[in-house]
Amino acid sequence: MLKLEQLTKVYPTGDKALTDVTLEIPSGQVVALIGPSGAGKSTLIRCINRLVSPSSGKAILDDVELTALGSAGLRRERRRMGMIFQEYALVERLTVMENVLSGRLGYVGFWRSYFRKFPQKDVDEAFRLLDRVGLLAMADKRADELSGGQRQRVGIARALIQDPALLLVDEPTASLDPKTSRQIMRLICELCKERDLAAIINIHDVALAQMFVERVIGLRFGVVQFDGPPEGLTPDVLTTIYGEEDWKETIQKVDEEDLQDVVS
Amino acid sequence: MPVSSNKNGLKVWQRRDRNSQLLNWAGWLFGTIIFLYCWAQISDATEWFFVWDAPRIAADIGTRALPPRWGYIGTLWEPIWDTLNIATLGTLFALVLAVPVAFLAARNTTPNRYIIRPIALLIIVSSRSINSLIWALLLVAIVGPGIFAGMLAITIRSIGFCAKLLYEAIEEIDQSQVEAITATGASRWQVMAYGIVPQILPAFAGIAVFRWDINIRESTVLGLVGAGGIGLQLQGSLNTLAWPQVSLILLVILVAVLISEWVSAKVRGAII
């Protein structure tokens, strides 16, 4: 269970990225975080694993107050939060296997990781995960040889090998084509279900979010404007989140396509 | 403002308006005057008789220097080997020392921006600002003449060069890869080994062979000040006006530099 209490982030420039965000996400729930660019979506998930330190407020994961941790404690807790990135953020010059195993860095000492002597248990798990995301044959390829969809699958495997309790997913599909986007979203959601994982997925594509998640949170100027099931995203709600636009047409059209896609 | 209207009310566009055009001309005029003044200074300080005489003297030295004294090669093998060793070991030691300095100097990896970074930058600047020949002069006085002084001179001069290029490479890395490794709960050193080192490895290899290549050239002259290597023979031959030996030494240096250039091109091609 992840709890955010009045989480606020003010950047040194004075920009208020988040204002009093209070949320509760039970374990196993997949949440889509939508909102216009600059609404604070990325800041929000980075405040949870403290790649960005929040200005005030609390983030609590299973009774551990993340916002109060020292650096050693923070590293220990980061192991329980897998992160997936927009541009994949794989280490391009390392192999797929090394990238997946880098998810275990928090559990392995420096020299072991430096000489790539990961415990056999971790290597087994890496092979299992690569098989699960359909990249077993690619284990020895360098990350920069893969296509976008394949790279994101490696990113997913890297996050899952951490054995996390929570997935933080930052625009997983923004650099992918529509078909690959759906496959990636489906994969993330399936894996969350298999492992009873909670996830926060930042996403621009509202229709795609509606297809896959059970709860949507809408953010505008760092303030939560909507929190409810995907069916609750009416044109009016989208207008409060994104601003005035003809939402009805766009969403319904895409929605029907998506439904067919899911059925078929 | 390049855009203005003429008296008929039409919009005209010029690259510069009248004032900046005048300023431009004034700048050129000023530059020309300075050039002429400096030229006059140099001209006054030159014995033009020697200059006009130069082609004849050069031809004279040329005829004395050719053909090279091939038999002299036997005494050159050892100094050329010393020269290669000075360059190679000097580069290796410089790299070992440059890596930590670069990490301390790069904005995104330095532990402290206000104290440690300026110190690292100071090391880089002071190493770079003094030519290796001058380092060699100093070191010959300090540690005594010989190969060791030459190697130290090359090392000290190269630290700054390598550290500067390396810290620029570190500052240009893709930060999202570092972020991703940090997010796994990796320690500071692990982030360095997984997030940063793979990204700067090609730059590091390029810098290493580039500097080695430069150092081969530099180490050929270190002997002039007594810091070992083939420069010692060059100086001796020049002092005794043994021109056929000088031409042979220059030829040997040329071949050594050509080989080093070939090797570094190969290595760079293989790594990147």
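Okay, so domain bounds here come from an automatic or database domain assignment. On that basis, chain A splits into domain 1, covering 2-80 + 167-263, and domain 2, covering 92-163.

Quick housekeeping: residues are numbered from 1 along each chain as its sequence is written, with chains lettered from A and ligands numbered from 1 in the order in which they are written. And this is a predicted model, where local features need pLDDT of at least 70 and side-chain atom pairs count only at pLDDT 80 or more, while totals for chains, interfaces and linings use all residues.

Back to the domains of chain A. Their C-alpha centres lie 25 Å apart. Say two residues are in contact if their C-beta atoms, placed from the backbone, lie within 7 Å; then 13 residues of domain 1 touch 10 residues of domain 2. On the domain 1 side, helix H2 (71-78) and helix H7 (178-195) of chain A each supply at least two residues. Helices (H or I, at least four residues) and strands (E, at least two) are DSSP runs, numbered from the N terminus. H7(A) gives the most to that side, 6 residues.

Now the chain interface: 21 residues of chain A are in contact with 19 residues of chain B. H2 turns up here too, and together with helix H4 (110-114) of chain A makes up the elements giving two or more residues to the chain A side.

Last, some strands, which pair if DSSP finds at least two bridges between them. Strand S1 (residues 2-10) of chain A runs antiparallel to strand S2 (residues 16-25) of chain A over 6 bridges, with Val10(A) partnered by Lys16(A). S1(A) also pairs, again antiparallel, with strand S4 (residues 56-61) of chain A over 5 bridges, and there Leu2(A) bridges to Leu61(A).
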